[in-house]
Amino acid sequence: MPGEASRAAAIIGAAEANDIGYPQTPKSSLTLHIEAINNVCEMTGIPIAAIDGIFSAGWSPQLAEYLGLHPKYIDTTAVGGCSFEMHVHHALAAIHAGVINVALVSHGEMGFSQRFTGGKGTGRPGGAGDPWDPGVQHTSAYGLGGAPTSYSHALNRHMARYGTTQEDFAEIAVVTREWATLNPRAVMYRKAGEGDLPPLEKGEWGGGKRGHTFGGPITVDTVMNSRPISWPIKLLDVCLVTDHGGAVLITGPEIAKTSKTPPVWIAGAGESISHWNMLEMNDFTETSAGRSASAAYRMAGMGPEDMEMAMIYDSFTVTAGITAEMLGLAPAGEGFTLWKDRHAAPGGRLPINTNGGGLSFNHSGMYGMQLLVEAYRQLSGTAEDGGFSGDSGKQTSARSCIVNGTGGSLSTTGTLVLVSDD
Amino acid sequence: MAEYTKPIPSPDPVSQPFWDGAKEGKLMLPRCSDCNRVHWYPRVICPFCHSMNIEWVEGAGRGTIHTFAVQHNRGLVARGWGDEVPYVTAYIDLAEGDRMLTVLKGVDPNDPDSIEIGGAVQIEFEEASADVHIPFWRPV
């Protein structure tokens, strides 16, 4: 039997900023937020002034001020890329409790453009400034750096424990790229110079319809021959670094009826954490998604067998492979088979990461909003017509979707079970 | 002593007994005197039973490799480490329980297949400054 809060609220619209990926002209993170918020309010017909709860990864007070709003619920949960799935969980609870009526979950992050502006791309708190912080004090001597330098340890442990190979995980990148070639918004949509547009000039980054030097279809060999980053992770096991803005609106059933766009119901939601610093990770082949997913399934009164598609955080191929196991979509050690056996591919029984994923669509540093926007587009049937602000993407027939965000160093997880009206 | 150019940890009052031990070549570990479990990193409260009765004991300095990776990307690794690539980072399961991060000494980063997950390692200390000797691990 579903939990009490199940379907108490719906995502009634989801939109992106006007320029995502590799924009020709950088826009600030705040501008990316505001464009997406304006777009989602226009697409739903819900005025910005009706928003009475703001949920973002660190930006909520600035967004309220910028928009001249005085919300009754202010949530700035910022625990990595899964923050946005948690925001949906929190918004569901706040609406179910009768505290607010219209929740905004918002994201803006110039992950790409910050390299040209000298600006700060993320809304995340600084964090690692305290040298006495035990996570800093007892790891800083050992040369770890960006996320790939940590996640590689999980991939190696998975290979040792289950006998999986680098080629197995490369299959995830290959199938995910196949989805990206069906989505003109994806950075890796096609190879630069293909189609009717001229090749990239020197210094141009392209992406989307302009194409990318390394865009278009890839094979397992392409992944295996890409340069080593942190063995066993290679370049094409790693997500993109892009700009993105996105926003979703969440309301109860009464307001949902007034929206111009269809509701996608929040049937289940859950969140959890296993550690923050990877030093404290217990089993490097498991994440807290096992717990967050079981909470979400329980609330929904549904199970993995009921899911018709999945949006799985793929900061790295290993993130997606392990998470598929944690969500109960594949047995332990066999997550990669969903991709290798093409169940996750276009036309497969369980489409996964239909936008092209963080690997080939867009990953701004935090990727949880991109998951939400694509899940909404698929379940509301608006992927093919492009929704409000984007170009079209491949439309599936799925009516249910499990969405799982992963944050930190395989640390935090937020899971949602979303369903469309029958 | 050649100047140590990589990041040097900052001991704090909670961890000071560990760093004092390191200067003498000893691996000092925090242990809960109620549930008798060793934990890492050092805390003022036991993460297993939440007792605040923590004592320090000398560990054996032995462990096994839980997992490892080879760092190749000089732009991605921590400041001071760029010139060292490729090098091998590893998580070590201590003989007493719980886990430490390290850079593995005495291994070939260009032949990761020669490094064994589960393989035995022992601790050694490198003098980074007069006050801070940093533990590293090496296969035995």
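Predicted model: local features only at pLDDT ≥ 70, side-chain atom pairs only at ≥ 80, totals over all residues.
1. In chain A, nine strands form an open sheet with mixed pairing, and their order is β3-β2-β4-β7-β1-β8-β11-β10-β9. Its edge strands are β3 (73–75) and β9 of chain A, each of which pairs on one side only. Direction ignored, neighbouring strands of this sheet are turned by 20° against each other on average. As background, strands of a sheet pair through backbone hydrogen bonds, either parallel or antiparallel.

2. The covered helix α11(A). Helix α11 of chain A, residues 317–326, is mostly covered, with 10 of its 10 residues buried. Among these buried residues are A:Thr317, A:Thr319, A:Thr323 and A:Glu325, as well as A:Val318, A:Ile322 and A:Met326. A reader may wish to trace what surrounds them: the buried residues of α11(A) pack against the helices α6, α7 (166–180), α10 (289–300) and α12 (337–340), and against the strands β9 (309–312) and β10 (400–407), of chain A. Just after α11(A), the backbone at A:Gly328 takes a positive phi of about 80°.

3. How α7(A) meets α11(A). Two packed helices are described by the angle between their axes and the distance between the axes. Here the axes of α7(A) and α11(A) come within 9 Å and cross at roughly 100°, which makes α7(A) roughly perpendicular to α11(A). The residues that meet are A:Phe169, A:Ala170, A:Ile172 and A:Ala173 in α7(A), and A:Thr317, A:Val318, A:Ala320 and A:Gly321 in α11(A). Sorted by class, this contact has six nonpolar, two polar and no charged residues.

4. The largest nonpolar core. In soluble globular proteins, nonpolar side chains tend to be buried together. The largest nonpolar core of this model has 152 residues, of which A:Ile250, A:Ile266, A:Leu372, A:Cys401 and A:Leu418 touch the most other members. α7(A) gives the most to this core, with eight residues.

5. A:Asp421 is found in the segment after β11 (412–420) of chain A. Is A:Asp421 buried or exposed? With 12 C-beta neighbours inside 10 Å, A:Asp421 counts as exposed, since a residue is placed in that class if it has 12 or fewer. Even so, A:Asp421 touches A:Pro262 and A:Pro263, not counting residues up to four places away in sequence. A:Asp421 and A:Pro263 are 158 residues apart in sequence, while their C-alpha atoms are 7.3 Å apart in space.

6. The side of chain A that touches chain B. Between the two chains, 26 residues of chain A are in contact with 31 residues of chain B. On the chain A side, α5 (134–137), α6 (148–162) and β5 (228–231) each supply at least two residues, and α6(A) gives the most, with seven residues. By class, the residues of this side of chain A divide into 13 nonpolar, 12 polar and one charged.

7. The strand β5(A), within its chain and across the interface. Inside chain A, β5(A) pairs with strand β6, residues 233–234, in the antiparallel sense over two bridges. The bridge partner of A:Pro228 in β6(A) is A:Lys234, and a hairpin joins β5(A) to β6(A) through one residue. Towards the other chain, two bridges join β5(A) to strand β3 of chain B, residues 62–71, and these strands run antiparallel. In that pairing, A:Ser230 stands opposite B:Gln71 in β3(B).

Note on methods
Residues numbered from 1 in each chain as written. Chains lettered and ligands numbered in written order. Contact = placed C-beta atoms within 7 Å. Helix = DSSP H or I, 4+ residues; strand = E, 2+ residues; numbered from the N terminus. Nonpolar A, V, L, I, M, F, W, Y, C, P; charged D, E, K, R; others polar. Pairing = 2+ DSSP bridges. Buried ≥ 20, exposed ≤ 12 C-beta atoms within 10 Å, placed from the backbone. Axes fitted to C-alpha atoms, helices over the stretch in contact; angles between N-to-C directions. Parallel < 35°, antiparallel > 145°, perpendicular 65-115°, else oblique. Core = buried A, V, L, I, M, F, W, Y, C linked by C-beta atoms within 7 Å.
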